[in-house]
Amino acid sequence: MLRIYNTLTRKKQAFRPLHDDKVGLYTCGITAYYYPHIGNMRKYVMDDVLKRVLMHDGYTVEHIENVTDVGHLAGDANTTDDKMRVSAEKQQKTMKQVAEFYFDIFRNDSERLDILPPTKFLFASEHIGEMLELIGKLDARGYLYKIGSGMYFDTSKFRSYGELTGSTFKRLNEQLRAGARVERVEGIKNITDFAVWRFAEGKDMIWDSKWGRGFPGWHIECSAMSMGALGEQFDIHTGGVDHVAIHHSNEIAQSEAATGHKFVDYWVHHEFLVVNGQKMSKSIGNVYTVQQIIDMGHNPLALRLFYMSGHYRQMLNFTFEALKNTENTLGGIYAFIGRMAEVKNTKKNVDAPEFRKRVGEARKAFFKSLDDDINTPEALAHMHALVNEANQRAASGKLSRAEAMAVIKAMLDFDEVLGLRFADHATANKAPLEEDIQKLVDAREAARKAKDFKKADEIRDVLRQKHHITLEDTPGGVKWHKA
Ligand SMILES: [Zn+2]
C-alpha cells in the first residue's frame, strides 16, 4: 500500500482515496510569464512519478493542472504587480499571447521529459465566473473586507489559519511583523491577509464584478479551479515547498471558509533544485532551461533520470558532471536492454528457477520502495542491482532465453513509472537505416560536432517529421528510433 508524507500532518500516512479506486490530483501549474527552468521541471517530473505510481497501483487519476495567465503578483506580496502584466508590457504583447507562448514551451519541455499530460490544463482567465462565485460565498460568510486596492480575506477569522506550516495565525503575524522586509498594504488588518480580488482599470484581463472592476488573486484561482474540477474535497494537492507558507495556506483558508469542511486530504510538497550548490538566479547566471540542456547535446531523459536519483522531499544539487554521469548510466541501461533482447533471440541455455525468482524479488522491492513515499533513489538502486546481476549472468553465458525475457518484462514494468522509454531499446538486430536517411543522421552529427546547433536541430526536425525517426544522443554515439 502507498504511503505518502502529508505536509498537513507532518507524517507519512497510508494513502486512502475518498472514492474507491479514483484519485483527484491537483498540481499548481506554471505562471506563464517566462521560460520554465530545470528547477521548475523537477517538480513536474516528480509529480509525474507520483501519478504513475498511483496508476501502477491500479487507481484512475483525474489530474488537474492550472496555468496562471493573470493575477500572480511578483514575490507573492500584496503590493507588487502581476507577473503576467509586467511581462506583457515589457514585450508589448497581450497577456494571452504571452501566456500561450510560454505555455507551449512548457508543454514541449514536458513532452521531452516524458511527463504524461494532465487530464486537463485549466487557464485561470477562463474560470473567472467560478472565482467570482467563490468570492461571493466568502463575502456572504463575512470573511472579506474592502480596501482601496481590492477585496481582502481576513485571516484572523479563519480559526486554523497557517496549520499547514505547523504554526498559528498569531505566531505567523508576529514573525512577519518582526521581519523588516514585509511591506504592509495600506488598510490591511493583519499582515497575513491577502487579496481575493484586486481592483484595476484597463482592458487586458480585467473583468467587472459586483465589488468593482479588476482581476482575481492568484490564491483564489487555485481554490476555485481545483474545487470546480475535482469537487469541494479531493485527495492530493501538490506544489513546491515555497508554496506552503502563503499560497497553499491561503488556498486552504479560502476553500474551507467557503465550504465549511475539509479541502484536501494529502498535501505533497517538492524540494528545490540547486545548481552547483547555489540557488538558481539570473544574477549568478545559473538558470538553465530544458532547451539549453538539449542544445548542449544532452538527452532530456537523462535529466529526468537525474531528478529521480534524489528523493522529492530533499534538495537536489544539479551539476553538469552529475548529468553526464547520469547520461552514462542511462546509456548503460539502454545497452543492457538491447543485450537482453539479443539473448531473448537465441535458444541456448536452460532456465535457472533461482534467477527467475530473483527477478520477481527485484520487481517487488522496486515497487515497495516507490510505495514508501515515492522513494525513487531506493527503487533505482534495486533496478541497478538487477541489471548488474543479469549482466554478469549474460557475460558468463549462463543467462537463458526465458530469464532474459523475464528481465525485459521487469524493466518495462519499471519503466511504466520511470518513463525513460525502455521499450525503444527492447528490440534486437535493428535493420540498418535507408541510405538517404543515414546520410541525414551523419550530417546532423557533423553539424553538432561543429557546434552548428541550429542546423543540427533543423535536420533532427526533418528526420522526425518526414521520416518518423527520433534521435537520441548517447555517450556511445547517436541512436535512432522509428516511431
Ligand atoms: Zn496553486
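Predicted model: local features only at pLDDT ≥ 70, side-chain atom pairs only at ≥ 80, totals over all residues.

**The antiparallel sheet**

- Four strands build an open sheet in the order E6-E7-E8-E9, and their pairing is antiparallel.
- Strand E6 (144–147) and strand E9 (214–216) stand at the edges with a single partner strand each, so one side of each has no neighbour in the sheet.
- From one strand to the next, the twist averages 25 degrees.
- E6 is joined to strand E7 (residues 150–153) by 4 bridges, and the two run antiparallel.

- Setting aside neighbours within four places in sequence, Ile135 is in contact with Met151, Val196, Trp197 and Ile220.

**The nonpolar core**

- The largest nonpolar core has 115 residues, and the members that touch the most others are Ile135, Leu138, Val196, Leu303 and Val407.
- H1 supplies the largest share of this core, 9 residues.
- Domain 1 (3–270) and domain 2 (320–425) each give at least three residues to this core.
- In soluble globular proteins, nonpolar side chains tend to be buried together.

**Helix H1**

- Helix H1 (residues 38–56) has 19 residues and reaches 26 Å from its first C-alpha to its last, close to the 27 Å expected at 1.5 Å a residue.
- Why is H1 described as largely enclosed by the rest of the structure? The reason is that 17 of its 19 residues are buried.
- Just after H1 comes Gly58, which takes a positive phi of about 100 degrees.

**The parallel sheet**

- Another open sheet has 5 strands in the order E5-E4-E3-E10-E11, with parallel pairing.
- Its edges are strand E5 (120–123) and strand E11 (264–270); each has a single partner strand, so one side of each is left without a neighbour in the sheet.
- On average, neighbouring strands of this sheet are turned by 25 degrees against each other, direction ignored.
- Strand E4 (residues 60–67) pairs with E5 in the parallel sense over 4 bridges, and Val67 stands opposite Phe123 in E5.

- Strand E1 (residues 3–6) and strand E2 (residues 11–14) run antiparallel and are joined by 4 bridges.
- E1 and E2 form a hairpin with 4 residues between them, and Arg10 in the turn has a positive phi of about 55 degrees.
- Across this pair, Tyr5 stands opposite Lys12 in E2.

**Leu176**

- You can find Leu176 in helix H5 (residues 169–178).
- Is Leu176 buried or partly exposed? Leu176 is partly exposed, with 15 other C-beta atoms within 10 Å.
- Leu176 and Ile191 are 15 residues apart along the chain, and their C-alpha atoms are separated by 7.0 Å.

**The domains**

- The domain assignment divides the chain into domain 1 (3–270), domain 2 (320–425) and domain 3 (435–482).
- Taken over C-alpha atoms, the centres of domain 2 and domain 3 are separated by 28 Å.

Conventions:
Residues numbered from 1 in each chain as written. Domains from an automatic or database assignment. Pairing = 2+ DSSP bridges. Axes fitted to C-alpha atoms, helices over the stretch in contact; angles between N-to-C directions. Expected span 1.5 Å × (residues − 1). Buried ≥ 20, exposed ≤ 12 C-beta atoms within 10 Å, placed from the backbone. Core = buried A, V, L, I, M, F, W, Y, C linked by C-beta atoms within 7 Å. Contact = placed C-beta atoms within 7 Å.
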